[in-house]
Amino acid sequence: MSRLAQIPGEWIDRSRPLPFEFEGRRYGGFAGDTITSALSASGLRMLGRSFKYHRPRGVLSLANHDVNALVQDGKSLNLRADVTPLEANMRLSAINTFGGLAADRGRLLDRMSRFLPVGFYYKTFYRPKFAFPHWERLIRKVSGLGTPNFSAPRVRTPKRYDFCDVLVIGAGPSGISAALAAAKGGASVILVDENARIGGSLTYAPGAADDSESLSKMLMRVAVEPNISVRTSTCACGYYADHWVALVDAAKMTKVRARAVIVASGVFEQPAVFRNNDLPGVMLASAAQRLLHRYAVKPMQRAVILTANAEGYAAALDLLNAGVEVPCIVEMRAAGEQTAALQELRKRSVPVYASSCVYEALPAHGLTGVDAAVVCPLRRDGRADTVSKQQFDCDGILMSVGFAPANGLLHQAGAHMRFDETIQQFVPGALPYGVFAAGRVNGSYDMGARLADGERAAALALRHMGLEGAQAAPTVAPETRCPSHPYPIVEHPDGKNFVDFDEDLQLRDFSNAAQEGFDNIELMKRYTTVGMGPSQGKHSNMNAIRILAHIRQLPVPEVGSTTARPFFHPVPLSHLAGRGFTPERRTPLHARHQQAGAKFMEAGVWLRPEYYSQDDKLKADLVIDEAMAVRNSVGLIDVGTLGKLAVIGPDAAELLERMYTGRFKNLKVGMTRYALMVDESGVVIDDGVVARLSEESFYFTTTTTGSASVYREMQRWNAIWGLNCGLVNLTGAMAAMNVAGPRSRDVLAGLTDIALENAAYPYLGIRDGHIAGIPVRAMRVGFVGELGYELHVAADNAAYLWDALMQAGADFGIRPFGVEAQRLLRLEKGHIIIGQDTDGLTTPFQAAMDWAVKMDKPFFVGQRSLHTIQKQPLKQKLVGFALDPGHTGPAPKDCHLVIHNGAIAGRVTSVAHSATLKKIVGLALITPELSAIDTRFDVRIDAGAMIEARVVETPFYDATGARQKEAVASPQREVIPA
Amino acid sequence: MPLRLLQMGLRREYREPRMFRQPEKLKPTYDVAIIGAGGHGLASAYYLARDHGITNIAVLEKGYIGGGNTGRNTTIIRSNYLTPEGVAFYDESVRLWQDLSQDFDLNLFYSTRGHYTLAHTDSALRTMRWRAEVNKHLGVDSELVGPDAVKRACPQMDLTCGGHAPVMGALFHRPGAIARHDAVAWGYGRGADRRGVEIHQKTEVLGIEVEGGQVTGLRTSRGNISTRKVLCAVAGSTPRMLDLVGMRTPITIHPLQAMVTEPMKPWLDPIIVSGSLHVYVSQSARGELVMGASLDPYELHSTRSTLDFTEGLASHMLEMFPFLSSAKINRQWAGMADMTPDFAPIMGKTPVQGFYLDAGWGTWGFKATPVCGKTMSHTVANDDDHPLIKGFTLDRFANYALTGEKGAASVGH
Amino acid sequence: MKLLNCPINGPRPVSEFAYGGEYRDMPDPAASTDAQWAEYVFNRHSVPGVKKEWWYHVPSGTWFVAERDVHADIVHSTYIYGEGPK
Amino acid sequence: MSALRISPVHDHLQALRPAWGRINGMTVAVEIPGSRRSALEIADLSCLARVGLKGPGAAEWLRARDVTVPERPNAWVALAGHGLIARLGRAEFLIQDGPQDGVVSMLRKALETPAPGVYPVLRQDCELLVCGELVHELFAQTCNINFNAIPAEEQTVTMTMMVGVAVTVLTAGFGRTPCYRIWCDGTYGAYLWNTLLEIATELGGGAVGLASVLPDGGSTATSIEKR
């Protein structure tokens, strides 16, 4: 057991022990533990295996980038043990092992590592060609991290929007002082920190007593400051345009819109690079201190301290005080600062070896830990002087050689970084508007400077927002000491000196990559994959840059850094998806359709009845029954999804004439006319019916999918042309249903005050009146080819009218029909559906709709293009076709191809078997050569068989339109047997 | 253990040579200058040198090799297009892809995984049948399959897609593949380099000299060169380059974003695309799920990321794969897509003599890399549009003779 | 998420808007050659810089013009068509 | 035979087995069994009488009929009897009565005679009322607008998106506060109602009948026997 007696300020709650399982063995921890701290407390060192070589790995940072210590619990993927809070009865196992963590058969790969140099996979496995799939299967077997659980449920999380004046990211000393100053200046502040408690480095590196005292003071002030909202265990994962920041906690994502952002995200401690620097027990000094101060865990018994900064000595003292033996301190510099800690260590006669390095760590059996550190003098050329090496037994090595800024969000915000030689660190140069940096990420290390830097950033943020009482920004003394070693990297002939722990990249991988020409930072990143692992280079990018600079003999700034993209820490899909809102649009008759057993189909955001099911009947038969009801008697269909617009004013007709291809100025009041719309390039995009209600008032319909865009475009053109008329979109406010069939008039007769007889109300007429007492606008249309009335009513009246019609129609066998039957009926009439019988390039001429295009009008959108197109030979033409009535066997389907002399000569756009006509009829877009009536052409159907079709006139049914124009006196006389 | 690895492992020191030289400075004159060291530019250089004997070539790159869309796409390769022109073109590309690793002596991890374009509506189903029929007619292996086949190929998928968009069928394209995108640029770059082509990185083109309608040279950030043939293959930067010769085209620039999860044990074998849900996803050999969606809605000449992109894509992913709720997105990025109105490229000769265009690659440029090299090298070498690109010439717009690939190209990467 | 300032409704997230494309003046159809007209219909001014664009605020149905730097994605001004700087 | 007017959320109210009443010819849920005062209450106000118009002449036309017109775009003012007039953008208006008859029927009649620059807009909205301390939490999860930052006294009208649907929002709660009214296209009503109610229920709130929100306690609702 490595758990120590109570440590002041520890994060664990010893009154709440939590039992759990790891790799099949039972362990115990406390509430407040992370998985790693609990396992470390139980004396466990090896927590996982590395991605490529399956080397044992343990604690590295305890700061959310220990990606070699990922665990899974059967529910969640790739849990980061170093930061995941321990829960009672977790059943955890290490990821990506073959046969368990200890016995992992994958460890063989480590022995083979010399055969797997950087980019090895580019250089093999492809000869012979046929062998690659075999190798690939093998590779896919060993690659990847956690194993997904395919039965895990969809997790829906809330997503929140939030707003504040100043968002402070990072609640260390500088962040806290920034938040306090901003709040004092009257700003509403959100203060976020990914840790469970605020305080930042002061929670694990108390340093001098007065610091920790000022910490407790600061915490107190934050607690009582009403303007500050503290969000702990919350990570700012991404910065987006206009100060839009994604805050992610365990339960949800919060999207914050701030007026100013202060990034006080601190730094990541960086590893030194020496042989076996990845062994369990070799860790960052800050990691050891986190174990110690937050979780009261003794990280090791005997630790060699490798350092190049004052932080290392403080850490050494920390460990000594916790009862850890420190055989020596290995100082990479010629001399360290004269700090209190150094004096104290001298007092306790801890030897300090200056200008020295750890040359390698000697592994315990099976690489499961450290047995000793081999220490050598560091030569001027940065290499180890192996002649005079000494060996120190230890079970741990602490690395305190430098830091890299946690500047991911600053990068994302568009900040430019410059390299500060004094502190050997990238710091923000030019910052984007409204974004500020403070603390160590900004290059301030001295505690006083960190606090002052926070106040400085706050003052600038307040000024940025123009908040009154914004006091002058204090000036911050530039840092004089250097916390980071310029090259904490030691070569070793036998390698295994790791730079990137995610990707198992060794020092030599970088020189090899450079040797092959990947010697600029971007190419090196892509070839070696440094920084591409789950930790996104948090512990490897800086060393990679130093190594490349070393190789090319360039100063670091000239090598430059790679930009960091979101996310700063990975974000679960569940948190990004949230609840997953999917807007649905329903006509007011939806419930009626449900009651009638409708099978719905999606039409954009709408749900429309495809057909109405009846106990055990087949869809195909039901569609025919519905169609036959319309042909023989009467049917009722909900067409409420059509776009419904009104245009009113002196220029209303002018606007319609400019937007549609047809003519509307001469349309008589009380009459309707088909309307076709093309885009500026002359391509058919929409159609509908225009009705004239009065001289200056029109009501018109668009396709279901076109309604929004047609309204929008007409608004835009109307604004550009400045016509004296206004548009109203009634699509949602009006419901519409089409009562169609020879008996439709009989159904209405008893219900309405509208004079229905042909003379008073001709085909294509429109009448306002009442049906069942409801104000109704009735259009006499013939889309399905029978006597029919399209009834438009206020949405809230629709269900009432529907019921009234169904009731009145009962005696005539009225029947609701769906989209499928309507498609069949309109096909029998040869009416096209835009988007089905036309495509993204079809012109009106190709659609054989010249009749609807008035080229002699002064202007309409697309007309000028059609003038050009008209001069060209037609590329394709829409024709009606029929199959031999005797045809049996498989039939053509929509989009089967027309094949002529072995070449594609067109395609079927719509086809169906017409029970009315007792044959298969359809429409096809084909080459003009084949478009003459009675021409025979071949359609290739499924399985490649050719079927002959013949071009015929449309409409296929009731060519003269007698049925829709004038009702048939008595349907009995002209029954079309079903 | 492959022999090659044994050799590398047993040698004391690492003997791998440079893949591409770093020429000190520009020569005064080149037979051909290629703007853009992405896949397309380098492939063109490679085939010019290999097949047309033209080796005095400078490839000029503002940034670094393959640093543009070549290294930013989701690496999907397919030929299941809609128009005969498109299908024939991409089919030739797939044919070339399959031998590239051997050509290059570099493993591209070209992996034939099968490509399913899901249909959630009957109109989508109709388009899939159309594409399948055109593909089959031209000998491309595509067919319309039912939900059951999708279930077999991807048993982990929720075919109801959260109840919102049940899968009604799919266009199955057996040759659908993925590849290691960077390696494509490196392979072409190395191949061209070894044949004498000069690749100049960090070299920006600042001006294009034209005299009497004929290209005569380039002004670059590293000096001027004279040349009578310039190939422009710069995707998102096309409008800037065209402006230098005073040309306007229908091309507009929109960001196309993508994102990738942390690695997980490979489970997703095929490439899955859903037009209605705006998702395309495949799993790399590293175990990462590589995902994309549709274009950003408005013009933008930058590669910034947006949060709403990840939100929308995540929610659609979970409708198909609810069990991935805890899978974490590691990284998102964007490329600049040079879009055309008909979703087909703009290739070949231009009104400016000696100025050749390889552009309009929108969201479908990676898969065309080899065939672009083949056809553009032919076009440049012979000053004659290659037969395979006749449907893609710039003048098709003025002639209202567009090549309607929208049905196949939009979203369906 | 990007903010866009609707002249009527004020600053809103860009997700509330629909992009209406580049603002273009239509040449006189009668006076244009086929080539000139096709140039208007198809070609665009896609060089990065500050451009006039159409934007539509969906919830209120408001069309307006934005002058936006399409490289830096910074909106310099927005105004109702006909009311902006001439 | 069903009621003359049916609310876009009628079927979803039905599931709550309310005591039905009728207002302006629409079946309304007067009381919902088990519903109680909570920190988040949602009610369906679609039944209220409303009329809309737009166009360059609209404001003048209204003034000529002694209707107070909000001076600023996107502002609203109260009318007698808990009615209100909202200015949607520059030149569109939504006028709505309280539970009792107000100006709406008069304006509807007047609109039947065309007037220059005046375009009638048929209003068939789904209107929801959301009340209680948690209302801003509901908005935080559904809408990207900081309603906290909009002072109630400014009587602002906000046209924005909520859970993917275009909505018009203002704060007027028959005297209760915080309280908001939300209008959306009726065809999206069911979706908006379900989505908001689901989240509200999660937050400890729920649907309530009109008796508990209308100033007259729903007494205007002619009660009809439950079925």
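**Charged pairs and helix contacts**

Author: In this predicted model, Glu127(D) and Arg50(D) are both buried.

Reader: How far apart are the closest N and O atoms of the salt bridge that Glu127(D) forms with Arg50(D)?

Author: Glu127(D) belongs to strand E9 (residues 126-131) of chain D and Arg50(D) to strand E4 (residues 50-54) of that chain, so the pair ties together parts that are 77 residues apart in sequence. A salt bridge requires the side-chain nitrogen to lie within 4 Å of the carboxyl oxygen. For Glu127(D) and Arg50(D), the closest N and O atoms are separated by 2.6 Å.

Reader: How many residues apart in sequence are the parts that Lys893(A) and Asp942(A) tie together?

Author: Lys893(A) forms a salt bridge with Asp942(A), in which the closest N and O atoms are 2.5 Å apart. Lys893(A) sits in the loop between strand E43 (877-883) and strand E44 (897-900) of chain A, while Asp942(A) sits in the loop between strand E47 (936-940) and strand E48 (946-952) of chain A, so the parts tied together are apart in sequence by 49 residues.

Reader: Is Lys893(A) buried, exposed or partly exposed?

Author: Buried would need a relative accessible area under 20% and exposed one over 50%. Because its relative accessibility is 35%, Lys893(A) counts as partly exposed.

Reader: How many salt bridges does a search of the whole structure find?

Author: The salt bridges described so far include Lys893(A) with Asp942(A) and Arg4(B) with Glu16(B). Over all chains, the search of the whole structure gives a total of 103.

Reader: Is H17(A) parallel, perpendicular or oblique to H22(A)?

Author: Two packed helices are described by the angle between their axes and the distance between the axes. The axes of helix H17 (residues 619-632) of chain A and helix H22 (residues 819-828) of chain A come within 8 Å and cross at roughly 55°. That angle makes the relation of H17(A) to H22(A) oblique.

Reader: How many charged residues has the contact of H17(A) with H22(A)?

Author: Among the residues that H17(A) brings to the contact are Lys619(A), Glu626(A) and Arg631(A), and H22(A) contributes residues including Glu820(A) and Glu828(A). By class, the contact of H17(A) with H22(A) has six residues that are nonpolar, none that are polar, and a number of charged ones that comes to five.

Reader: How are H2(B) and H3(B) placed relative to each other?

Author: Helix H2 (residues 39-52) of chain B and helix H3 (residues 84-104) of chain B have axes that come within 15 Å and cross at roughly 75°. The range from 65 to 115 degrees counts as roughly perpendicular. H2(B) and H3(B) are therefore, relative to each other, roughly perpendicular.

Reader: Which chains have the most contacts among the five pairs that touch?

Author: Chain B and chain D do not touch, since their nearest C-alpha atoms are 12 Å apart. Among the five pairs of chains that do touch, the most contacts are between chains A and B.

Conventions:
Residues are numbered from 1 along each chain as its sequence is written. Chains are lettered from A and ligands numbered from 1 in the order in which they are written. This is a predicted model: local features need pLDDT of at least 70, side-chain atom pairs count only at pLDDT 80 or more; totals for chains, interfaces and linings use all residues. Side-chain values use heavy atoms; hydrogens and water are left out. Helices (H or I, at least four residues) and strands (E, at least two) are DSSP runs, numbered from the N terminus. Buried means under 20% relative accessible area, exposed over 50%, partly exposed in between (1.4 Å probe, protein chains only). Axes are lines fitted to C-alpha atoms, for helices over the stretch in contact, and angles run from 0 to 180 degrees between N-to-C directions. Angles under 35 degrees count as roughly parallel, over 145 as roughly antiparallel, 65 to 115 as roughly perpendicular and the rest as oblique. Contact means heavy atoms within 4.5 Å. Ala, Val, Leu, Ile, Met, Phe, Trp, Tyr, Cys and Pro count as nonpolar, Asp, Glu, Lys and Arg as charged, and the others, Gly among them, as polar.
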